[in-house]
Each structure stands twice: as C-alpha cells, then as structure tokens.
Amino acid sequence: MEGILFPHAVPEAREGLEEYRVRGGYQALTNAVESRPEEIIKIISDAGLRGRGGAGFPTGKKWQLTSEAPGEPRYLVLNGGEDEPGSKKDRVLLETLPHLVIEGTILGAYAIRAAKAYLYINARYDTAIQTVNDALAEAKSAGYWGDRVLGSAFNLDIEVVAAPHNYVAGEDTAALDVIEGKKPWPRQKPPFPVTAGLFGKPTVVNNVETLANIAPIVLKGAEWYRKFGTAESSGTMIFSLNDDVNRPGVYELPFGTPLRYLIEECGGGIKGGKKIKAIMPAAPSSAFLPADKIDTPLDHNSMREAGSALGCGVVRLVAEDCCIVEEVLRIAEFFSEESCGQCPACRMETSTLAMMMKKVQAGQGGQPILEQFGKILAFNKGKGFCNLIAMPGPPIESALKLFPEDFEAHLSTGKCPAN
Amino acid sequence: MVELEKRVAAKGLTDVEIKPYMCFGACQEGPNIVLYPEKNWYAKVKVEDLDEITEHLAGGPHVQRLDTIDSSLKELIYQLLDTGVI
C-alpha cells in the first residue's frame with residue numbers, strides 16, 4: 001500500500017541527503033521560502049493534519065494560534081520523547097528518514113516565524129540522535145537551515161536536546177521544562193505553549209510523525225493529502241505492533257483502514273494461532289475493545305464511537321488465555337510508577353489504583369473493592385497538571401465492564417483464571 | 001510523627017496506633033493526620049497543635065480550626081479506609 005511517509009516500505013538504512021533530494025526532498029522548503037508563512041499554515045489547515053502524538057489536535061490551528069500570539073522570539077519543538085511502552089514510530093522515522101523530519105521542522109519554523117527549533121529526542125535513542133545530527137550537518141551545509149535559509153531573509157537555528165526517559169518527559173510542557181534546564185515536570189495549563197511556552201514565548205510542540213507529514217503536504221498540496229484517510233482524519237498514521245503478533249513492526253496505513261487489516265495482513269495475526277480476547281488500540285491508556293470490534297476503522301471518530309481511542313497507535317492484543325486482571329495490574333503499576341508526583345491527586349490516585357489492583361489479584365477485598373475504582377476515578381477527573389491522572393481510567397473501567405468474570409475469579413478464589 | 005508518639009505515650013493512650021500513610025491526596029494541605037475509625041481529619045498540623053490533637057484522642061473536644069479538608073476528598077479517603085484498600 002502506498003504511504004505518505006514511507007513511499008514503499010520502511011527503509012532498511014538511513015536515507016541520505018542526495019537520495020532524499022532525488023525524490024523531491026527539500027523542494028517543499030525551496031518553494032515555501034518564496035511564499036508567505038500564512039500560506040503554509042493554510043495548506044496544513046486545509047489538509048486537515050492532526051497531531052500524531054496522541055491527542056489529535058489540528059496542527060494548522062496550533063500553528064495559527066502560535067503565529068498570532070504576541071511575543072518574540074517564537075520557538076518550535078519537535079517532540080521525540082516517545083516513552084509510550086511499545087511505541088517505536090518516532091525512532092524509526094528519525095533513524096531512517098531524518099531529512100523528511102528535518103524539512104518538516106524547518107517548514108514548521110518558517111510557518112510560525114520561529115527563530116529556533118529544538119529537536120527533543122529520547123536519550124536512549126543513540127542511533128537516532130547520531131543520525132539526526134549527521135543529517136542536520138548535511139542540511140546546514142546545503143543552506144537549508146542557519147542564516148538566510150536558501151538565500152531568503154529567514155534565519156533558523158536548530159539544536160538537539162536529549163529527552164529523559166520517563167513517561168511524563170514526553171508531555172509537551174515537560175519537554176519545555178527540560179529544554180529550559182529543569183526537571184521533566186508538566187506545567188499547569190493554561191497558559192498553553194501556543195501563547196506561553198519555551199522561556200514564556202509562543203511555542204509549537206509537534207510530534208515527530210506530525211512534522212514528518214509537513215513536507216509532503218506542502219509539496220503536493222492539501223487536496224492530494226485528503227485523498228488519504230477519512231474526512232475527519234486525513235492522511236495516514238503509523239501503527240506500532242509488538243511481540244503479541246507474528247510480524248512486529250511499524251506500519252503506515254491510511255486512516256479508516258480496518259483494525260483487522262493491521263492485525264492480520266500487516267502483523268500476521270496474533271502469535272500462536274490463538275483467539276483474540278481483547279484489543280487495546282492505544283496502549284497503555286485506551287479502553288479495551290472486545291474481539292468483535294476488530295473491524296473498527298482506524299480513525300479518531302470510529303475508535304471513539306467503538307468506546308476507545310487511537311492515541312499514538314500502539315496496538316496491543318490480549319490473547320484468549322490471558323487474564324485481564326493481570327493486564328490491568330501491569331497498567332496500573334506503570335502509571336503509579338510514572339506519575340511524577342508533583343500533583344497530590346495524581347500521586348494518590350495512581351498509587352491507590354495500583355494497590356487496589358494488587359489486592360484484587362491476590363483475591364482480597366471482595367465486591368466492595370471493585371466499587372471503589374469508579375469513585376476514585378470520578379473524584380480525580382479534571383485534576384492534575386497533565387493528562388496522566390486520567391490515563392488509568394479507560395483500561396480499568398473497560399476491563400471491569402467487559403471482563404467482570406476475570407475479576408470475580410480472582411476475588412472468589414484468589415487464583416488467576418489464566419493459570 | 002515522633003512528637004505525636006511521645007505525647008500519646010505520655011498520656012498513657014494504649015488503644016491508639018500511629019501509622020504513616022504514603023498519600024491521602026492532600027499533600028498540599030499537609031501534614032495531615034486522619035483519626036480513624038472516628039473519621040476526623042486534621043490538616044496543616046504543626047507541632048504546637050499536637051497537644052490539642054492528643055487531648056481529642058483522650059476524649060477531648062474536636063479541633064475545629066484544623067478541620068479544613070474538602071468534604072468530598074474526606075468521603076473518598078474514608079471509604080478507601082473502610083474498604084481496607086489503603
């Protein structure tokens with residue numbers, strides 16, 4: 001299937017500058033510096049590009065808000081923190097198509113008239129950081145960034161910053177704090193980065209995959225882009241499959257492709273010829289879907305209607321012989337460990353949920369413990385500086401609703417039904 | 001906590017057990033002392049307040065000025081304590 005980012009398949013090795021130029025690389029930037037920045041924003045808005053970091057916010061809108069916000073200089077941050085367990089799309093893009101990502105970053109900076117761009121990349125991605133630094137050097141020598149980009153009046157500096165490898169460090173405002181030399185703690189919002197971001201100035205924070213889409217859109221136009229995907233989710237998205245399928249990897253598919261195609265045709269089906277018990281379309285923070293929702297189209301609206309979310313596309317499968325209590329316990333413990341602790345409500349909620357799941361697993365607490373989950377989640381709704389506080393909710397509540405028998409088995413016998 | 005233990009011991013309160021809790025979700029209002037199962041919550045407790053709290057434990061009056069926590073949080077935490085999950 002033809003992709004937008006990976007024209008054929010995921011490249012085996014890093015694409016060099018010349019290879020990229022042969023297939024039209026940096027042509028979008030060459031055209032763009034002849035246009036006004038607002039025209040670039042309009043193309044991105046018309047294309048309907050939505051952020052690929054998980055929230056799906058319209059990119060053109062984010063750029064416009066930043067562009068119109070008072071205060072200079074403006075900044076653009078490429079967010080490659082990528083700490084979602086099982087997500088590898090950003091790493092693959094940075095390692096194989098660094099110039100595609102860099103051109104998108106430069107175009108984004110031009111569109112919002114940013115003076116500086118920061119490439120915030122997971123510190124564990126040694127190869128990606130090296131690859132990006134090499135590509136940046138090539139691009140600078142060719143005049144694509146630095147002083148007077150391609151002879152225009154546009155000046156842009158770019159700097160790579162290593163992102164700490166904990167979950168909240170990938171949150172957009174935590175990224176800003178790290179770049180400012182602080183620890184990775186999310187900020188209270190509002191103000192949002194678009195008005196008061198890096199060093200208090202208007203800032204765009206975009207995911208790696210989002211920025212990788214920019215050059216193709218600017219080069220080929222909004223109308224071309226809208227041919228991929230659905231009306232409300234245009235383009236393609238990269239999905240990450242892990243060891244629960246026969247062919248783990250990253251797969252770029254147009255929005256609206258049935259989930260079944262991703263699992264069966266791309267991933268080669270669930271491992272061991274087992275039946276699927278549940279699907280988590282955006283692990284670890286989305287609701288579980290029952291196996292009969294396997295034909296749900298992979299787009300934001302369809303996933304919401306089915307009761308889950310698309311997130312950043314880490315699709316996880318639960319096999320028929322797995323216990324959902326064990327799955328949920330792992331998720332609750334993950335969020336408890338990853339809560340940064342600055343918001344008391346989040347610390348209390350995530351640690352209590354993990355403790356409660358541990359009790360359920362051990363068969364303690366009976367029915368009354370199950371009734372407390374919803375109360376804790378409802379009490380903490382809307383609290384906390386970032387969204388982590390809300391993340392354990394969908395997996396826990398959907399598991400309780402879809403698989404009550406697994407919880408009952410643990411509580412009545414103290415044993416896991418899977419063993 | 002050590003100061004409270006000293007006062008409780010000095011008062012001879014043998015039916016009082018003092019235990020640390022990781023989090024009641026109100027660290028910004030801390031230090032917090034929850035008397036359970038009576039269900040009294042004292043927030044922003046200072047060393048100077050401990051004598052009055054010890055008096056309360058010995059059957060004295062409720063320390064109204066330290067009872068400032070939001071009632072919905074109290075209810076949630078009391079329920080969790082009742083259920084035995086924290």
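Analyst: Let's start with one pair of residues: Ser240(A) has Val314(A), in strand 9 of chain A, as its bridge partner. Helices and strands here are DSSP runs (helices are H or I with at least four residues, strands are E with at least two), numbered from the N terminus. Strand 5 of chain A, residues 236–241, pairs with strand 9 of chain A in the parallel sense over two bridges. For two strands to count as paired, DSSP must find at least two bridges between them.

A quick word on the ground rules: this is a predicted model, in which local features need pLDDT of at least 70 and side-chain atom pairs count only at pLDDT 80 or more, while totals for chains, interfaces and linings use all residues. Residues are numbered from 1 along each chain as its sequence is written, and chains are lettered from A and ligands numbered from 1 in the order in which they are written.

Now step back to the sheet. It is an open sheet of five strands in chain A, with the order 6-5-9-7-8 and mixed pairing. Strand 6 (249–254) and strand 8 (289–290) of chain A each have a single partner strand, so one side of each has no neighbour in the sheet.

Next, look at what lies across these strands. Helix 12 of chain A, residues 259–266, lies across strand 5, strand 6, strand 7 and strand 9 of chain A, and runs at about 140 degrees to strand 6 of chain A. Such angles run from 0 to 180 degrees between N-to-C directions, with axes fitted as lines to C-alpha atoms, for helices over the stretch in contact. Contact itself is simple: two residues touch if their C-beta atoms, placed from the backbone, lie within 7 Å.

Helix 14 of chain A is another neighbour to look at. This helix (residues 324–338) has 15 residues and reaches 21 Å from its first C-alpha to its last, close to the 21 Å expected at 1.5 Å a residue. That expected span is 1.5 Å times one less than the number of residues. Its buried residues include Ile324(A), Val328(A), Leu329(A) and Phe335(A), where buried means that 20 or more other C-beta atoms lie within 10 Å of a residue's own (12 or fewer is exposed, in between is partly exposed). The buried residues of helix 14 of chain A pack against strand 7 (276–280) and strand 9 (314–319) of the sheet, and also against helix 15 (344–361), helix 17 (393–402) and helix 18 (404–413) of chain A.

Pro284(A) sits in the loop between strand 7 and strand 8 of chain A, and a cis peptide bond, with omega about 0 degrees, joins Ala283(A) to Pro284(A). Most peptide bonds are trans.

Pro73(A) lies in the loop between helix 4 (59–68) and strand 1 (74–80) of chain A. Glu82(A) is not a glycine, yet its phi is positive, near 30 degrees. Glu82(A) counts as buried, with 28 C-beta neighbours inside 10 Å.
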